[in-house]
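User: I am new to this structure and would like to know what backs each label. Please walk me through it.

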Amino acid sequence: MTSQRLLIVGGSYAALQMASSAREFGFAGEITMISNEDHPPYQRPPLSKSYLSGKLDAAGLPLVGDSFYRDKQIDLHLRKEVVAINPKRREVQYSNGLSEPYDWLALCTGARPRRLSIPGETLPNVHYLRTLTDAKKLKKKLIDSTRICVIGGGFIGLEVASVCRQLGLEVTVLEASSGILRRALPHALGMFLMARHKQEGVSIRLNCSAKEIKVNLDGTMSVIINNGEPIDCDQVVIGVGAEPNQQLAEAAGLRCARGIVTDGLGNTSVERIVAAGDCAAFPNPFAADPEQPLLLESIQATRDLARAAASLVVGKPEPYKAVPWFWSDQHDFKLQIAGLYRGSEKFVIRGDVRAQKFSLFGMHQSRIVSAFSINSPADHMVARKLIEEKISIEVTHLEDTDVKLKSFLRKE
């Protein structure tokens with residue numbers, strides 16, 4: 001493989017995992033990573049949590065040190081952008097007009113914030129949070145602010161709301177639907193989390209959409225909502241979802257459907273091009289429909305699919321087969337999620353809800369297919385194995401905390 005060239009587009013978790021795994025699996029050719037960002041691959045979850053709160057500074061964000069790239073012979077280029085792909089000639093074109101050939105191309109282009117197309121959305125004190133540059137700008141602005149309006153009751157919005165309350169700011173969250181995190185969580189758990197946010201002083205307005213953002217005469221801002229009421233604030237943070245960066249792939253003729261469509265090895269519809277990360281939609285063996293390509297927006301799924309794609313590149317294919325899992329830190333609780341709850345027929349509670357230490361298990365027939373754990377990391381770890389092993393459990397046994405969860409696992 002010494003003559004092979006692997007070209008990776010992106011500076012994400014997936015990009016770094018792709019390069020690292022390719023070397024681990026024995027790829028001996030050239031590996032080049034192309035990122036349009038100013039920074040080497042870095043941790044993104046802390047941007048809306050510990051970095052924004054000041055508990056972690058920028059020096060603690062890089063995923064690996066500079067020596068990693070030297071030791072693994074990975075050629076990392078920052079502030080460089082791929083603008084076109086020519087699959088027939090197997091080459092990419094850069095914004096400076098130059099082109100470069102590849103033997104394998106990995107698209108790890110990630111996602112971008114979904115824009116909110118309303119008047120005032122581009123004002124200086126209106127923020128989206130996706131990159132370190134975004135987070136640095138918001139963090140600086142929060143120093144002299146007292147009131148924050150968050151548009152969107154998803155994970156990013158609620159994590160930002162949590163940090164802002166910890167910093168002593170007044171926070172209003174506007175959610176257009178009838179509940180927070182409706183696409184990600186069962187309704188009952190969403191209600192529990194909303195109650196916790198309200199206990200911490202966050203004002204959450206449901207069925208409330210933003211229609212305009214305007215600057216007042218005193219320099220403050222107002223978000224005008226659907227009933228005409230102004231929500232006064234100093235900064236606005238918009239978190240209404242993300243869009244996969246699939247433009248390059250679409251222009252090159254790759255199959256896309258809310259993400260670059262791949263199989264469980266990261267294979268796209270075009271030979272010698274793979275994709276992984278938040279830009280890739282791929283079938284998940286633990287989904288309600290295991291044939292339907294999904295965007296998971298999970299670091300774990302990002303890394304696992306990138307690893308599978310690297311195995312394909314070196315000719316030792318090992319398809320993605322992991323149980324998806326996610327997490328979120330808000331106020332004083334940690335939410336950990338395993339599995340995909342859309343296939344759940346009913347939910348079972350295990351633990352003490354009042355003590356804010358419990359798990360909610362989604363069941364299909366007698367099997368656990370999803371688990372949502374609040375301050376219960378041990379439950380989360382066992383649940384991932386129970387979902388993977390597709391073990392049948394009696395509901396009464398699952399509810400009984402005197403019966404250890406790990407006792408349901410198959411004995412090795």
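User: How many cavities of 30 Å³ or more does a search of the whole structure find?

Analyst: One. Keep in mind that this is a predicted model.

User: What makes a space a cavity, and what is the volume of the largest cavity?

Analyst: A cavity is a set of points where a 1.4 Å probe fits but cannot get out. The largest cavity has a volume of about 50 Å³.

User: Which residues line the largest cavity?

Analyst: The lining is Gly277, Asp278, Ala280, Phe282, Leu295, Leu296, Glu297, Ser298, Ala301 and Thr302. Two elements give two or more residues to this lining: strand E20 (280-283) and helix H8 (299-313).

User: How do the residues of that lining divide by class?

Analyst: Five are nonpolar, three are polar and two are charged. Asp and Glu count as charged, and the lining includes Asp278 and Glu297.

User: What describes the packing of two helices, and what are the values for H1 and H8?

Analyst: Two packed helices are described by the angle between their axes and the distance between the axes. The axes of helix H1 (residues 13-24) and H8 come within 8 Å. They cross at roughly 40°.

User: Is the crossing of H1 and H8 left-handed or right-handed?

Analyst: It is right-handed.

User: What is the volume of the second largest pocket, and which residues are closest to its centre?

Analyst: The second largest pocket holds about 320 Å³ of space. It is lined by 17 residues, and the closest to its centre are Gln300, Asp304, Lys321, Ala322 and Val323. H8 supplies the largest share of the lining, five residues. Helix H9 (377-389) also supplies at least two. By class, the lining has eight nonpolar, two polar and seven charged residues.

User: Why are E13 and E15 at the edges of their sheet?

Analyst: The open sheet has the order E13-E14-E15, with antiparallel pairing. Strand E13 (210-215) and strand E15 (230-233) each have a single partner strand, so one side of each is left without a neighbour in the sheet. The twist averages 20° from one strand to the next.

User: How do you know that E13 and E14 pair?

Analyst: Pairing needs at least two bridges. Five bridges join E13 to strand E14 (residues 221-225), so the two strands pair. Lys214 stands opposite Ser222 in E14.

User: What makes E20 and E21 a pair?

Analyst: Two bridges join E20 to E21, so the pair meets the cut-off of at least two. They run antiparallel. Pro283 has Pro293 in E21 as its bridge partner. Their open sheet has the order E18-E20-E21, with mixed pairing. Strand E18 (260-261) and strand E21 (293-294) are the edge strands, and each pairs on one side only.

Technical notes. Residues numbered from 1 in each chain as written. Predicted model: local features only at pLDDT ≥ 70, side-chain atom pairs only at ≥ 80, totals over all residues. Heavy atoms only, no water. 1 Å grid on protein atoms, 1.4 Å probe; cavity = no way out; pocket = protein on both sides within 12 Å on 5 of 7 lines; lining within 4 Å. Points joined across faces, edges and corners; volume = space filled by probe spheres on them. Helix = DSSP H or I, 4+ residues; strand = E, 2+ residues; numbered from the N terminus. Axes fitted to C-alpha atoms, helices over the stretch in contact; angles between N-to-C directions. Left-handed = near helix turned anticlockwise from the far one by under 90°.
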